[in-house]
Amino acid sequence: MDEVQNNRTSLAKGAKDIAKEAKRHAAKNFSKAVDRASDEYSSHRSYNRFHNEDEEEDNYNSYAQQDGTYPNNAANDEDGASSDATEGHDDEDEIYEGEYQGVPAYNDGKVQDSQVALGKPVSDSAKSRKELENERQADEEELAQQYELIMQECGHGRFQWQLFFVLGLALMSDGVEVFVVGFVLPSAETDMCVPNSGAGWLGSIVYLGMMFGAFFWGGLSDKVGRKQCLLISMSVNGFFAFLSSFVQGYSTFLFCRMLSGFGIGGAVPIVFSYFAEVLAREKRGEHLSWLCMFWMIGGIYASAMAWAIIPHYGWSFSMGSAYQFHSWRVFVVVCALPCVSAVVALTFMPESPRFFLETGKHDEAWMVLKHIHDTNMRARGEPERVFTVNRIKVPRQLDELVEMQNESANPVLKVLCKIKAELRGIWMTFMRCFNYPVKDNTIKLAVVWFTLSFGFYGLSVWFPDVIKHLQADEYASRVKIHNNERIEDFTFNFTLENQIHRNGAFINDRFIGMKFKAVTFIDSSFFNCYFEDVSSVGSFFKNCSFVDSFFYNTDIDDTKLTNSRIINSSFHHNKTGCQMTFDDDYSAYWVYFVNFLGTLAVLPGNIVSALLMDKIGRLSMLGGSMVLSGISCFFLWFGTSESMMIFMLCLYNGLSISAWNSLDVVTAELYPTDRRGTGFGFCNAMCKLAAVLGNLIFGSLVGITKAIPILLASSVLVGGGLVGLRLPDTRANVLM
């Protein structure tokens, strides 16, 4: 009887186990059906496919059938036989919509001490580096798909617009830095008595600083984060830009502007990488193009401030003869304000969640994504919407060899070791930009960046210089020539401008509180003349004689007296140093106005590129814009007047801006996240190198010939546009 009773008990228990298992499978199948229906309804916003449910079920079944038992004897325990899917939860444990759920636990695929490593017959230590990299590549591809769905759930709203304006200030600072160089160059070199041999170094040294800064900060942003790198680089720019306005020596000024350029060099690669990583695919092209408008705004801001500040030399002050603070220095301080504003605003923004995921920081990324979702939902008036993402795929983290230092080591050695490790990491990431499959893209992008920048910056220098050359020719054509004049007992207390005096005789004349502007005296004689408070610009005395004359508080010195004879004459309290005497300088206003118009001309191109970026494609816009820009250069043959040259400048800038915008978008989308900053930084460094070469080559051709600049710019732009058409189309790609 006992044996029969035991058999019946076993049979009943087995029947119960079978019923429970069938019930569990039915609940799971029902859940899958619900998930599929909800997937179709919500337009592919389900993340269940990333949870590998089928694989987990197979692992569960195979493990349970090894010895005919279930883990922890859960199937034989009647008290634990209830299923959450069928029985429900306790009321106290129910989580309602809108309630904070905490950061979901994430297991990095690492086996806990109490768990058995199933499905991993080979440990990571036994795998080759190539195998681990392949696994990471697969993880990154899976993350790219999931991240796109997450960004669609987060939506596009208040958070993206907040970040848009903050990063726009940083990009605006880059535009200001480029224009500051050209605007302060004449005034700074005159104020600091720079000889002709040192002139022009300011423009080149700033671009060189930006070139190294783009490569360094872009690479570092892939190691320590977008926000942190952008904060440091913008702080470096703001500090040295502000400091440069107070230094007096030209070499010190060059050093400060070089470091300022080094700081701002990180703005472009980091800004576009940062913003691209918080945009969904359908919004990325358009909104990255809108972001490019801030570079134009920076140029307009710099032109307007230069127009309003630099010619007003009454704003200057001095402390003796050693310290001079002229209006161009005020302009430099004002141009640092966008950078300071960007630094302050950036402190309130979070790090890129995509960067967190690439570096294995799942919880930090989840919190940032939840913040983006909640910010946008509150702005939409839907604060009850819950962030439904439970787990995000994190790529496998590959170990890197790091040189360790003893705790008792010299702190200086620790810092040097840290710097060495970071530089080595940047270089290794840079070399990976030339690995398959991004090698060809890197080379093509570098060519397009170089050619577009060479033509743009080269013509940007050539256009204003040609306009100045035309102005100088027209100015020289209106010169007044006085021959064999004789003036006695006359007082000159007004400005003499654009005149030539030959074989003149000035007897008992007084030159008091006056200015010589573009005045040349040739073979003239001054007898018993009195000079007081006289300033001169572009004026010279050639083969002249001064007899019994007196000079007080003038700037007439040996540099302006060419082969002249001084007989029984004296100089007292002469003005030392270089004098800023450009009051009522029409040419200064004209240069700023021309640059203002040239910058404003890109507004239509910016609007068109933003609206059509996702419609006609990045590559069509890139190649078409560069080819049209190259063709427009041939119209420079007809630029025989100032108005025609200004029109050609506006036309060229308006056509080329679409190429810049599309190139920024394509570069941000082609590189994987772990190399995006490095690759973008390298391309932007090539851009600044081309700017230096363009300034030198095109600047040396001003006034010599039109044929070489026109043919050179046209061929370079058309060739770069054709190479750009060979790049892969990224319009439909998710962000790798």
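Residues are numbered from 1 along each chain as its sequence is written, and side-chain values use heavy atoms, leaving out hydrogens and water. Because the model is predicted, local features need pLDDT of at least 70 and side-chain atom pairs count only at pLDDT 80 or more, while totals for chains, interfaces and linings use all residues.

**Two loops**

Select Asn-563, in the loop between strand E15 (561-562) and strand E16 (565-567); strands are DSSP runs of at least two E residues, and helices are runs of at least four H or I, numbered from the N terminus. Its phi is near 55 degrees, a positive value. Most residues other than glycine have a negative phi. Asn-563 is exposed, at 58% relative accessibility (exposed is over 50%, buried under 20%, partly exposed in between, with a 1.4 Å probe and protein chains only).

Move on to Asn-568, in the loop between E16 and strand E17 (570-572). Asn-568 also has a positive phi, near 50 degrees, and is exposed at 64%.

**Helix H22**

Now select residues 707-724, helix H22. Its buried residues include Pro-709, Ile-710, Ala-713 and Leu-717. Among the elements covering them are helix H16 (439-477) and helix H21 (673-699).

**Ser-453**

Finish in H16, at Ser-453. Is Ser-453 buried or exposed? At 0% relative accessibility, Ser-453 counts as buried. Show its contacts (heavy atoms within 4.5 Å): beyond four places in sequence, Ser-453 touches Gly-458, Trp-660, Cys-687, Ala-690 and Ala-691. A polar atom of the Ser-453 side chain lies 2.5 Å from the backbone oxygen of Cys-687.

How values were computed. The expected span of a helix is 1.5 Å times one less than its number of residues. A polar contact is a pair of N or O atoms within 3.5 Å; within protein, one must be able to donate a hydrogen and the other to accept it, and residues adjacent in sequence count only if both atoms are side-chain atoms.
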